[in-house]
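Colleague: I would like to go through the terms used for this structure and see what each one rests on. Please set each value against its cut-off.

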Amino acid sequence: RTTGIQQEKKEVPANQPEEMAQTVKTGTDPRLQLNNLVQTKQLCSFGYTQINCETIANQTRFTLCAWAQLPDDSMIESSPKTACSKKEAQYKAAVDLLERFYTLD
């Protein structure tokens with residue numbers, strides 16, 4: 001008889017990039033971290049701006065930036081990030097935005 005709570009094992013899809021696969025294992029998705037910063041009032045809001053979407057040799061590439069509004073009404077933005085899916089590009093941009101947020105003076 002078991003009385004403890006069993007942890008749900010998350011499967012990592014074979015086609016996921018390594019950095020996203022690591023997120024599934026650790027539960028530290030940077031997009032969720034940005035959402036938590038909004039909930040704790042460290043950010044006012046955040047989002048993504050799509051810069052480009054191109055298809056070359058039947059492969060679509062998305063380029064976008066993540067942005068955040070700080071409590072003092074200033075804005076920070078990630079550098080442009082490119083990936084084969086919008087979700088992966090958002091992930092990369094969120095990582096960059098978090099790095100910028102945590103290194104603000």
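Colleague: Which residues does T63 touch, not counting residues up to four places away in sequence?

Modeller: T63 touches T49, Q50, I51, N52, P80, K81 and T82. A contact means heavy atoms within 4.5 Å. T63 itself lies in strand β2.

Colleague: What makes T63 buried or exposed?

Modeller: Buried means under 20% relative accessible area, exposed over 50%, and partly exposed in between, with a 1.4 Å probe and protein chains only. T63 has a relative accessible area of 13%, so T63 is buried.

Colleague: What should I know about the source of these values?

Modeller: This is a predicted model, in which local features need pLDDT of at least 70 and side-chain atom pairs count only at pLDDT 80 or more, while totals for chains, interfaces and linings use all residues. Residues are numbered from 1 along each chain as its sequence is written, and side-chain values use heavy atoms, with hydrogens and water left out.

Colleague: What is the average pLDDT of the protein?

Modeller: pLDDT is the predictor's confidence in each residue, from 0 to 100. The protein averages 83, and 74% of the residues score at least 70. Over residues 1-15 the pLDDT stays under 50, and the model has 5 contacts beyond four places in sequence for them. Residues 21-26 also have a pLDDT below 50, with 11 contacts beyond near neighbours in sequence.

Colleague: How many helices and strands does the protein have, and what makes a run count as one?

Modeller: The protein has 3 helices and 4 strands, in the order α-α-β-β-β-β-α from the N terminus. Helices (H or I, at least four residues) and strands (E, at least two) are DSSP runs, numbered from the N terminus.

Colleague: How do you know that β1 and β2 pair?

Modeller: Two strands pair if DSSP finds at least two bridges between them. Strand β1 (residues 45-56) and β2 have 11 bridges, in the antiparallel sense.

Colleague: What is noted about the phi of A57?

Modeller: A57 has a positive phi of about 50 degrees although it is not a glycine. Most residues other than glycine have a negative phi. A57 lies in the loop between β1 and β2. With a relative accessible area of 73%, A57 is exposed. K41 also has a positive phi, near 65 degrees, and lies in the loop between α2 and β1. At 67% relative accessibility, K41 counts as exposed.

Colleague: Why is the contact between D29 and R31 called a salt bridge?

Modeller: A salt bridge is a side-chain nitrogen of Lys or Arg within 4 Å of a carboxyl oxygen of Asp or Glu. The side chains of D29 and R31 meet at 2.6 Å, N to O, so the pair qualifies. D29 has a relative accessible area of 13% and is therefore buried. R31, at 15%, counts as buried.

Colleague: How many salt bridges does the whole structure have?

Modeller: The search finds 3. K92 and E88 meet at 3.6 Å, N to O, and both lie in helix α3, 4 residues apart, about one turn of the helix. K92 is partly exposed at 26%, whereas E88 is buried at 14%. D96 and R100 have their closest N and O atoms 2.9 Å apart, and this pair also lies in α3, 4 residues apart. D96 is buried at 11%, and R100 is partly exposed at 37%.

Colleague: What makes a group of residues a nonpolar core, and how many residues has the largest one?

Modeller: A nonpolar core is a set of buried Ala, Val, Leu, Ile, Met, Phe, Trp, Tyr and Cys residues joined through side-chain atoms within 4.5 Å. The largest has 16 residues, and those with the most contacts inside it are L34, L37, L43, I76, L97 and F101. α2 (30-39), β2 (59-69) and α3 (86-102) each supply at least two residues of this core. α3 gives the most, with 6 residues.

Colleague: Which residues does L34 touch beyond four places in sequence?

Modeller: L34 touches L43, F46, Y48, A94, L97 and L98.
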